[in-house]
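Here are my notes on the model, as numbered points. Please read them with the structure open.

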Amino acid sequence: MIDCVVWWSAPLPNEQRFLRLLDETEHGRHVAYRQELDKQRFLTGRVLAKTLAAERLGRAVEAIRFDSACEDCGKPHGRPKVPGADLMLSISHSGDLIGVAATSGTPVGLDVETAKRRADNSLIEYALSPAEQQALHGLTDDERATAFFTYWTRKEAVMKATGKGLKIPLQSITFSAYDKPAELIVSSDSALDPARTRLKDLKARDGYRAAVALLTSEDINVTEVDREF
Ligand SMILES: CC(C)(COP(=O)(O)OP(=O)(O)OC[C@H]1O[C@@H](n2cnc3c(N)ncnc32)[C@H](O)[C@@H]1OP(=O)(O)O)[C@@H](O)C(=O)NCCC(=O)NCCS
C-alpha cells in the first residue's frame, strides 16, 4: 500500500511570516504576478509544500529549498523537488483553494479546479474521449459541469504525475465513469500505463473537483487534511 497525503489551504495573506520562506527565485516569481490573488496562490503553494516537506523530512521549514527547474526549458516554473530527498510533491491551485500532494518517492500529480464554471460543448469535445463525452449525455448543466471537471482533474492529475503535463493529448486517455471510483481504463500515450496508474477523486471543498494520481501498480491510501496556519 502506498501512502499519499494531500494538504489543502485557503489563500494565505502576503505577510512576512510566509514571504520569508521564499528564496530569491521564488520572490521573483511572486512579484511578477500582477493580481494579488495570483501572488497569494503561488505563495500558499510554496508555504504548504515547504511545510509538508519539512514535516516529512524532519527538517526546519526554513531549511527546505526547492529545485523547480522545468523539465522542458530549465526555467524555475516546474514541479518542486527537494534535491537528494525521496519525496515527491505536486502543487495545484484554483479559485480560493490550494493543495499539495506528497509521497515517499512515488510519482504523484494533484489537480484541483473550481467546478462553478460552465462546461460548454467545445471544451467537452476538446478534452474528453468519445466514451467520456457519451457519459455526459442527458445531464443538467450543473451535473455536466461536475462530471466534466471530474474527468478534467483526473486527466491533469495523471499528466502531472508523469511530469509532462498537458503535452499528453487529452483525448489519448479514458477514465471510468465520472460517478464510479476513478480508474484509468485506456491510454494510447506511452507515458501512461493503466496497469501502473492509480488515482482517487478527492473531497477538496464544496464547489471544487480534485483528483490525485500516483504512478504505481500498488493500492494507494490517500489522506486529505485541511491545513491552517
Ligand atoms: C503543469 C500544468 C498541467 C499546470 O496546470 P494548471 O491547471 O494551469 O495549474 P495547477 O495549479 O494545477 O498546477 C500548477 C503547478 O504545477 C506544477 N508544475 C509545473 N510544471 C509541471 C509539470 N510539467 N508536471 C507536473 N507539475 C508541474 C508547479 O508546481 C505549478 O505550481 P507553481 O508554479 O505554483 O509551483 C501545465 O502548466 C502544463 O502542462 N505544463 C507543462 C508542459 C508545458 O507547458 N511545458 C512548457 C513550459 S516551457
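**Notes on the predicted model**

1. Overall size. This is a predicted model. The radius of gyration of the chain is 17 Å; a compact globule of 229 residues would have a value near 17 Å, so the two agree. Along the principal axes, the C-alpha atoms fill a box of roughly 50 × 35 × 35 Å.

2. Make-up of the chain. The chain has 6 helices and 9 strands. Of its 229 residues, 39% are buried. Among contacts with a separation of 6 or more, 58% are between residues 24 or more positions apart.

3. Strand β8. Is β8 (residues 208-214) buried or exposed? 7 of its 7 residues are buried, so the strand is largely enclosed by the rest of the structure. Y208, A210, V212 and L214 point one way, while R209, A211 and A213 point the other way; all are buried. In a regular strand, side chains alternate between the two faces of the sheet.

4. Neighbours of β8. Strand β4 (residues 108-114) runs antiparallel to β8, joined by 7 bridges. D111 has A211 in β8 as its bridge partner. Strand β7 (residues 198-202) also pairs with β8 in the antiparallel sense, over 5 bridges. Here R198 is partnered with L214. The β7 and β8 hairpin has 5 residues between its strands, and A204 takes a positive phi near 50°.

5. The ligand shell. Which residues come nearest to the ligand? Of the 21 around it, they are C73, R79, S92, G165 and L166. The elements giving two or more residues to this shell are α3 (36-57), β2 (88-94) and α6 (141-162). β2 supplies the largest share, 4 residues. By class, the shell has 6 nonpolar, 8 polar and 7 charged residues.

Methods:
Residues numbered from 1 in each chain as written. Predicted model: local features only at pLDDT ≥ 70, side-chain atom pairs only at ≥ 80, totals over all residues. Near = placed C-beta within 6 Å. Nonpolar A, V, L, I, M, F, W, Y, C, P; charged D, E, K, R; others polar. Rg over C-alpha atoms; globule rule 2.2 N^0.38 Å. Buried ≥ 20, exposed ≤ 12 C-beta atoms within 10 Å, placed from the backbone. Contact = placed C-beta atoms within 7 Å. Pairing = 2+ DSSP bridges.
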